[in-house]
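Subject: Handover of a structure

Dear colleague,

Please find the structure below. I would be grateful if you could read the notes with it open beside you.

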Amino acid sequence: MVSSVVLCVLLSSLCAGKDAPDLSLRLREVEAVKEDSSEKTYDRDCSTIKDALDDLPFNRFSMLSDKKLTLTADKESRVPLAAAYVLSLNYEGVDESGRARLQVGVELAGSAPAKKVVETVLLLAPNKKARICGLRQDKGELVLVFSTP
Amino acid sequence: MIKRWKFQKIAARIDGELPLSSMPSDPESQRYAHFVETLHKHAQTLPEAPVIADESMTAFLSGIHEGLDAPVLSTGRLWTMGSALTAALILVLSLLVIFSRGDEKVRATEVESCTTELDGVTIKTFDNRDGVSTVWVTMPENDLW
């Protein structure tokens, strides 16, 4: 009798739908510049994410901003970037493999209607990074590095 | 055989069935006589066994019947229950393992899709050697932005 009750409780808890918890997202904006020097230089903040930068064809990396965001499922967040871009983030919940599904758009700031330079869907695994590279700005390019705790 | 007969005679004398004057005087007989006397003495100090009166016999027997009819949680029954509970536990754990296998975490980040609305912009995706998923935008050098 007791085991039947325990079995039912376990099965119902396994079959029950789960509400997506808020997503903690870390967003870093990095300015990547190509200089004549053959040696790569990273500022103090960029040196902590060398794994996301050291294969890029640039010499100097500077952290423009480091934001910790909390995203609610199905609620769009807009983040102005340092360069002439606006970032839109739409967290769509966690997929069956446990990864956060994040719709990311980079728009040209001031364009009407808004023109999307890139729109992508990232499946972010815990403790892993993803990045968007090649966003031109006055000096070098902008690299966006996304990571989850 | 002779010794046994001799001890029976000694016991009969102490019980008063034979005259005490004919008690043998050898040390072995004296030791046995002393043993029997001590046994008698201690037996007399024991309480008398309770006697169930006729009027109490019905209640006494009904009590016995109640005791017989009551279910007894025997060791065998306990073992059966324990085995059944263990089997149920194993079943539950097995189901838990089977059902939770679907939620096994994938530890890789992935770029599911990417598009652009700008002409001349191309996008490619790849993972670098450290497993960082990358969306690489190639923008032509013009004043579109």
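The notes below describe what was found in it.

This is a predicted model, in which local features need pLDDT of at least 70, side-chain atom pairs count only at pLDDT 80 or more, and totals for chains, interfaces and linings use all residues. Residues are numbered from 1 along each chain as its sequence is written, chains are lettered from A and ligands numbered from 1 in the order in which they are written, and side-chain values use heavy atoms, with hydrogens and water left out.

The interface

The size of an interface is often given as the accessible area lost when the parts come together. Chain B and chain A bury about 3600 Å² between them, and 58% of this is on carbon and sulfur atoms. Buried area here is the accessible area (1.4 Å probe) that two parts lose on being put together, summed over both. The contact (heavy atoms within 4.5 Å) takes 41 residues from chain A and 41 residues from chain B.

Between the two chains there are three salt bridges; a salt bridge is a side-chain nitrogen of Lys or Arg within 4 Å of a carboxyl oxygen of Asp or Glu. On the side of chain B that touches chain A, the elements giving two or more residues are helix 4 (75–100), strand 1 (110–115), strand 2 (122–127) and strand 3 (133–138). Helices (H or I, at least four residues) and strands (E, at least two) are DSSP runs, numbered from the N terminus.

A salt bridge joins the side chains of Arg99(A) and Glu110(B) (3.1 Å, N to O). Arg99(A) counts as buried because its relative accessibility is 8%, whereas Glu110(B), at 35%, counts as partly exposed. Buried means under 20% relative accessible area, exposed over 50%, and partly exposed in between (1.4 Å probe, protein chains only).

Salt bridges within chain A

Side chains of opposite charge can pair when their charged atoms come close. Over all chains, the count comes to 15 salt bridges. One of them joins the side chains of Arg26(A) and Asp66(A) (2.8 Å, N to O). Arg26(A) lies in strand 1 (residues 23–33) of chain A and Asp66(A) in strand 3 of chain A, so this pair ties together parts that are 40 residues apart in sequence. Both count as partly exposed, Arg26(A) at 28% relative accessibility and Asp66(A) at 35%.

Asp51(A) forms a salt bridge with Lys129(A), their closest N and O atoms being 3.1 Å apart. Asp51(A) lies in the loop between strand 2 (41–42) and strand 3 of chain A and Lys129(A) in strand 8 (residues 129–136), so the pair ties together parts that are 78 residues apart in sequence. Asp51(A) is partly exposed, with a relative accessible area of 26%, while Lys129(A) is buried, at 19%.

Ser65(A)

Is Ser65(A) buried or exposed? At 14% relative accessibility, Ser65(A) counts as buried. Ser65(A) is found in strand 3 (residues 60–71) of chain A. The side chain of Ser65(A) makes polar contacts with the side chain of Glu29(A) (2.6 Å) and with that of Lys67(A) (3.2 Å). A polar contact is a pair of N or O atoms within 3.5 Å; within protein, one must be able to donate a hydrogen and the other to accept it, and residues adjacent in sequence count only if both atoms are side-chain atoms.

Yours sincerely
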